[in-house]
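Thanks for sending this one over. Here are my notes, point by point, to read alongside the model.

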Amino acid sequence: MSYFQIVWQWLTAAQQWHGSNGIPDRLVQHLEYTGIALAIATVIALPLGVAMGHARRGGFAIVSVANFGRALPTLGLLVLVYVLTSGSPASWLVPLAALAIPPILVNAYEGVLGVDPELTDAARGMGMSEWQILRKVEVPVALPLLLLGLRIAAIQVVATATIAAYIGLGGLGRYIIDGLASNEYNVVAGGAALVVLLALAVQAAFMLLRQLIVPQGLRHQTRSS
Amino acid sequence: MSWAWANRAMLAHYLGQHLYLSLMPILFGTVIAVPLGIACVRWRWAWPPVLSLTSIFYALPSLALFLVLIDYTGLTDWTVIIPLTLFSMSVLVPNVVDGLRSVPDPVRQAAAAMGFGMLRRLIQVELPLAIPVVIAGLRVATVASISLVSVGQLIGIGGLGYLFTDGEQRDFPTEIYAGLVLLVALALAADAVLLVARRLLTPWERGRVRRGTRRVLAVAWLGSRTDAT
């Protein structure tokens with residue numbers, strides 16, 4: 001049987017769709033973890049990145065955080081926090097949020113920093129306060145990059161929440177880890193397919209969001225600037 | 001520390017495996033991405049579909065791809081190498097395209113005026129000038145690949161990732177620390193090698209004010225600006 005047949009059979013089996021180990025419950029858990037981690041990371045990183053971009057300061061620190069963040073292995077971070085906190089229920093939250101911070105921070109900083117100084121100078125000349133410049137000029141113009149940072153973070157968190165099933169977290173990763181442990185390849189294959197679909201759905205959702213909230217004039221910015 | 005020294009043979013073994021598993025995808029990814037990027041610049045209509053494809057590959061969780069591939073490749077190194085190749089490729093292609101497009105038109109025209117043919121212009125003028133942007137992409141792909149290999153440990157092929165799962169099962173943080181330190185050191189070393197390579201390959205950039213460097217870094221992190229806007 002090919003991979004797709006295995007997955008199809010598993011997905012269409014009735015017992016997959018209800019109960020505490022059913023797909024709907026696992027999906028909701030997965031989205032919950034992703035949402036909480038992403039919200040925490042956003043609250044920390046977005047204002048910080050925007051403020052640093054506005055002040056045009058701290059570029060070196062930001063790039064260092066980004067490079068270091070990219071090098072950190074998710075699995076290693078998860079098991080380390082898990083072992084150090086002797087399996088506390090919140091242990092997954094720290095690595096998940098930590099992984100989401102660098103892309104949000106870097107893109108917020110670069111987005112605001114990249115706003116054409118002529119725009120901010122014009123706003124200043126019109127008598128806008130710094131706060132108004134930030135809110136009415138810099139953030140809207142930087143919106144595509146702010147969203148890109150959130151999208152990259154969301155994709156990473158969805159993937160890492162899957163891996164977190166290894167340290168006992170629920171969510172779609174459960175199928176993968178449990179299936180591997182009990183040698184049931186159809187469960188593993190089904191879980192993998194669901195994770196792929198979820199990642200693509202998240203990607204698509206962010207593209208749609210961009211279409212909806214980014215002003216028309218900014219959507220096709222060329223890279224000539 | 002003493003634990004790491006006592007087990008240095010084992011650590012070296014996993015370090016070697018990790019290096020192999022993470023660098024093969026970079027090699028294959030580059031071999032695919034450079035011609036593909038060149039083709040996308042040459043034939044403009046090819047770029048939008050290729051870009052969509054790379055952004056899809058970028059989004060796919062590597063663990064899921066490993067598991068899908070088990071059915072085709074069994075539990076071999078290829079199960080890890082192929083998905084990571086796709087990932088590196090999806091990071092590199094936009095950078096190759098951006099790099100080639102960043103070559104100023106007057107430079108291109110000057111080369112044409114000097115009688116350079118299409119191929120010679122590409123090899124002697126356009127590709128060398130694209131090197132900084134391509135290497136920025138290589139840095140992202142390499143560091144990410146080194147960090148992602150450890151996820152392969154969940155199917156038993158993960159280089160230094162072994163130290164994470166083994167440390168977790170034995171409730172032994174030292175082993176996890178050792179894995180993290182070695183892995184981050186490997187990533188930083190690979191990054192340093194690429195920085196040196198860029199310096200050697202682009203002598204004309206030396207001594208120039210480093211204003212442009214940070215922007216290139218940022219573009220690399222974004223994957224692709226075109227994707228962003």
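**Notes on the two chains**

1. Let's start with one helix pair: helix α9 (residues 185-213) of chain A packs against helix α4 (residues 62-73) of chain B at an angle of about 140°, and their axes are 9 Å apart. Axes here are lines fitted to C-alpha atoms, for helices over the stretch in contact, with angles running from 0 to 180 degrees between N-to-C directions. Helices are DSSP runs (H or I, at least four residues) and strands likewise (E, at least two), numbered from the N terminus.

2. Before going further, the housekeeping. This is a predicted model, where local features need pLDDT of at least 70 and side-chain atom pairs count only at pLDDT 80 or more, while totals for chains, interfaces and linings use all residues. Residues are numbered from 1 along each chain as its sequence is written, and chains are lettered from A and ligands numbered from 1 in the order in which they are written.

3. Back to the pair: α9(A) and α4(B) are therefore oblique to each other (under 35 degrees is roughly parallel, over 145 roughly antiparallel, 65 to 115 roughly perpendicular, and the rest oblique).

4. Which residues meet there? From α9(A) come A:Val188, A:Ala189, A:Ala192, A:Val195 and A:Val196, and they meet B:Ala64, B:Leu67, B:Val68 and B:Asp71 in α4(B). By class, that contact has 8 nonpolar, no polar and 1 charged residues. (Ala, Val, Leu, Ile, Met, Phe, Trp, Tyr, Cys and Pro count as nonpolar, Asp, Glu, Lys and Arg as charged, and the others, Gly among them, as polar.)

5. Zooming out, 42 residues of chain A are in contact with 41 residues of chain B (contact: C-beta atoms, placed from the backbone, within 7 Å). On chain A, the elements giving two or more residues to that side are α3 (59-71), α4 (74-84), α5 (93-113), α7 (130-163), α8 (173-181) and α9. That side of chain A has 30 nonpolar, 8 polar and 4 charged residues.

6. As for the fold, chain A comes to 10 helices and 0 strands. Its C-alpha trace spans about 65 × 40 × 30 Å along the principal axes. Residues 24 or more positions apart make up 73% of the chain A contacts with a separation of 6 or more.

7. Last, the inside of chain A. Of its 225 residues, 45% count as buried (20 or more other C-beta atoms within 10 Å of a residue's own, C-beta atoms being placed from the backbone). Leaving out residues up to four places away in sequence, A:Leu96 touches A:Tyr33, A:Ala37, A:Val157, A:Thr160, A:Ala161 and A:Ala164.

Notes. Contact = placed C-beta atoms within 7 Å. Buried ≥ 20, exposed ≤ 12 C-beta atoms within 10 Å, placed from the backbone.
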